[in-house]
Amino acid sequence: MVATGLVAVPASAATVSIHTVQGTKRKSTSGQVTVTGVVTATRAGQGYWIQEPNPDGDPRTSEGIYVYGGTIPAIGAMVRVTGTVSEYYPGGSTNGGQSLTEITYPSVTTLSTGNPLPAPVVLTDASIPDTYAPTGSLESLTLDPSAYALDLFESLEGMRVQIDNARVVGASTKYNELFVTAKPNQNPTPRGGTVYGSYASQNSGRLKVESLTGAAFPQANVGDVLVGSTVGPLDYDNFGGYLIAASTLGARQDNRLAGEQTAAQATDHLAVATYNVENLDPTDPQSKFDRLAAGVVTNLRSPDIVALEEMQDNNGPTDNGVVAADQTFNKLISAITAAGGPTYQYRQINPQNNADGGEPGGNIRVGFLFNPARVSFTDRPGGTATAAVSVVNNGGKAQLSYSPGRISPSNTNWASTRKPLAGEFVFQGQTVIVIANHFSSKGGDQPLYARVQPPTRSSETKRQAQASLVNTFVKQIFAVQSSARVVVLGDINDFEFSGTMTNLLTGTPMTDLITTLPVGERYSYVYDGNSQVLDHICASTTFTASQYDVVHVNSEFADRASDHDPQVVRLTM
């Protein structure tokens with residue numbers, strides 16, 4: 001016998017039930033087995049799911065399993081499968097995700113055909129626990145499906161499940177997938193999403209939906225509903241975790257989600273916006289430039305200053321040493337003017353080649369657009385990719401040594417990362433210092449559904465250090481001039497409740513304006529069905545008033561110009 005820890009299986013193939021193979025924990029030890037089950041669904045060219053005809057009644061043990069490879073029988077066939085029990089880690093075991101129990105190298109015998117399929121387990125608000133996961137190494141723990149959502153999903157691995165009238169919380173992607181929630185009242189947004197408002201608010205009702213039907217996948221937006229039943233085996237991958245591989249897909253009900261439009265600023269308001277334009281370069285279709293331009297003119301109402309992130313060089317991902325981005329900026333400005341907006345001017349600093357991260361060869365950077373009819377830019381030469389801007393005391397007034405200038409560009413915490421860009425503007429005779437940012441990404445973090453809980457967020461360390469560098473610079477401004485007017489904004493790549501934002505703001509008279517919104521409206525990005533904050537505008541309390549708005553035009557939509565929503569603040573001097 002081979003001791004598995006969960007089930008003892010002979011070294012030669014033993015005839016066992018599927019629930020015995022699955023056991024009461026996440027993993028089954030590899031071994032040769034023979035199981036019998038009804039084919040419930042097939043994945044073309046890859047494999048199929050079978051489900052035990054005689055369940056054991058134990059809610060911890062799954063009655064289904066995926067068979068990878070071999071001849072694919074017909075749905076409804078009762079089959080006897082002999083093969084090797086394996087644990088497959090989608091994306092590899094090093095990414096921290098969970099495994100999928102499979103039978104590999106199968107030989108299959110069809111015993112009968114046309115059998116009825118087992119009734120699906122219906123997932124509802126009441127049946128899915130609010131608590132997402134236990135703490136610790138999940139693979140060492142016995143499943144407790146009544147207490148934890150991840151344990152419930154694992155206990156149903158490979159089994160037919162069903163969600164009725166599921167609301168979409170993550171829009172359809174180019175990979176023909178979307179996210180729904182089975183818990184519609186869990187941290188809802190006013191527009192139909194579900195808010196990720198803390199590290200403990202993972203939103204346990206979320207599930208990804210893929211289709212096995214072969215029909216055109218619905219192009220659904222957040223807030224739409226898959227009317228009727230969505231049914232299929234419960235599966236798992238490394239791009240969202242647990243999912244329904246739907247053999248029956250609910251019909252899309254279009255709830256007509258519309259892009260938002262902010263209010264126009266008054267004459268005495270300084271309107272400052274931030275917009276991540278997602279790897280924009282001149283080789284992108286003109287339609288992308290036109291849509292981004294419409295967003296600036298129509299949805300943001302032509303702000304006075306726009307901080308842009310992910311502006312690529314003049315030939316985008318072509319990796320040939322080009323770092324200039326004048327064509328990218330000018331093409332966007334022309335599109336804005338054609339859409340009825342102002343003829344903006346721009347300021348930026350070319351990075352060193354391939355030194356600032358992002359798509360190889362693209363040389364993404366941050367930069368400013370500004371409307372010269374409303375604001376002026378104070379140019380002070382000397383700012384380069386490697387020259388560090390400093391704060392100068394000019395008769396008790398804070399000014400920048402270079403404008404535009406980069407903050408601590410040689411500091412190792414900015415390696416392979418966009419360097420912050422500081423610029424001086426003048427609005428109605430008053431100086432405003434604006435700092436545009438695009439901090440390091442979350443790449444390398446373990447997913448929310450990691451097999452060790454809580455997951456490791458290794459990327460935070462670098463962003464927190466970057467935030468401290470910007471914080472030091474901002475403090476230097478206020479040390480010279482306590483009445484200075486400062487805006488720090490951009491794609492911080494972290495949440496409003498994160499240590500990154502704490503480091504950025506501590507000891508400064510700055511307010512993270514996203515925190516002034518109702519909790520349900522705090523998001524600028526949707527990831528794995530969670531509406532969350534990555535982008536921020538922080539304004540100093542030296543402004544007399546502010547009106548702040550995240551303008552939802554992208555993140556909730558299947559068809560969009562960027563993956564981020566822009567945001568704008570209207571400031572009174």
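Mentor: Before we start, a definition: a residue is buried if its relative accessible area is under 20%, exposed if over 50%, and partly exposed in between. Also, this is a predicted model.

Trainee: OK. Is Arg191 buried or exposed, then?

Mentor: Arg191 has 15% relative accessibility, which is under the 20% limit, so Arg191 counts as buried.

Trainee: Which residue meets Arg191 in a salt bridge at 2.7 Å?

Mentor: That is Glu556, with the 2.7 Å taken from N to O. Glu556 is buried, as is Arg191.

Trainee: Where do Arg191 and Glu556 lie in the chain?

Mentor: Arg191 is in the loop between strand 10 and strand 11, while Glu556 is in the loop between strand 31 (545-550) and strand 32 (567-572).

Trainee: How many salt bridges does a search of the whole structure find?

Mentor: It finds 23. One of them joins Lys208 and Glu177, whose closest N and O atoms are 3.1 Å apart. Lys208 is in strand 11 and Glu177 in strand 10, so this bridge ties together parts 31 residues apart in sequence.

Trainee: Are Lys208 and Glu177 buried or exposed?

Mentor: Lys208 has 0% relative accessibility, so it counts as buried. Glu177 is buried because its relative accessible area is 12%, which is under 20%.

Trainee: Which residues are linked with Glu177 and Lys208 in a network of salt bridges?

Mentor: Glu210 and Asp237 are in that network with them.

Trainee: New topic, rings. How many aromatic pairs does the structure hold?

Mentor: There are 15 aromatic pairs. Take Trp49 and Tyr66: their ring centres are 4.8 Å apart and their planes are at 50 degrees, so this pair is tilted. Trp49 is in strand 3 (residues 47-51) and Tyr66 in strand 4, which puts them 17 residues apart. Both residues are buried.

Trainee: What kind of aromatic pair do Tyr199 and Phe497 form?

Mentor: An edge-to-face one, with 4.9 Å centre to centre and 85 degrees between the planes. Tyr199 is in the loop between strand 10 (177-181) and strand 11 (206-211), and Phe497 is in the loop between strand 26 (485-491) and helix 6 (499-505), so the pair ties together parts 298 residues apart in sequence.

Trainee: What lies over the face of Tyr199?

Mentor: Arg457 does, at 3.7 Å from the ring centre. In another case, the charged end of Lys442 sits over the ring of Phe495, 4.0 Å from its centre.

Trainee: Which residues form one aromatic cluster with Tyr236?

Mentor: Phe153, Tyr242 and Tyr449.

Trainee: Which strand gives the largest share of the lining of the second largest pocket?

Mentor: Strand 12, with three residues. Strand 4 (64-68), strand 6 (100-112) and strand 12 (225-237) each supply at least two. By class, the lining has seven nonpolar, three polar and five charged residues.

Trainee: And the cavities, what volume does the largest cavity have?

Mentor: About 50 Å³. There are two cavities of 30 Å³ or more.

Trainee: Which residues line the largest cavity?

Mentor: Ile349, Asp356, Arg365, Val366, Arg406, Arg418, Lys419 and Leu421. That makes three nonpolar, no polar and five charged residues.

Conventions
Residues are numbered from 1 along each chain as its sequence is written. This is a predicted model: local features need pLDDT of at least 70, side-chain atom pairs count only at pLDDT 80 or more; totals for chains, interfaces and linings use all residues. Side-chain values use heavy atoms; hydrogens and water are left out. Helices (H or I, at least four residues) and strands (E, at least two) are DSSP runs, numbered from the N terminus. Ala, Val, Leu, Ile, Met, Phe, Trp, Tyr, Cys and Pro count as nonpolar, Asp, Glu, Lys and Arg as charged, and the others, Gly among them, as polar. On a 1 Å grid over the protein atoms alone, a cavity is a set of points where a 1.4 Å probe fits but cannot get out, and a pocket is an open set with protein on both sides within 12 Å along at least five of seven lines; lining residues have an atom within 4 Å of a point. Grid points are joined across faces, edges and corners, and a volume is the space filled by probe spheres set on the points. Rings of Phe, Tyr and Trp (its six-membered ring) pair if their centres lie within 6.5 Å; planes under 30 degrees apart count as stacked, over 60 as edge-to-face and the rest as tilted. Buried means under 20% relative accessible area, exposed over 50%, partly exposed in between (1.4 Å probe, protein chains only). A charge sits over a ring if NZ of Lys or CZ of Arg is within 6 Å of the ring centre and within 35 degrees of the ring normal. A salt bridge is a side-chain nitrogen of Lys or Arg within 4 Å of a carboxyl oxygen of Asp or Glu.
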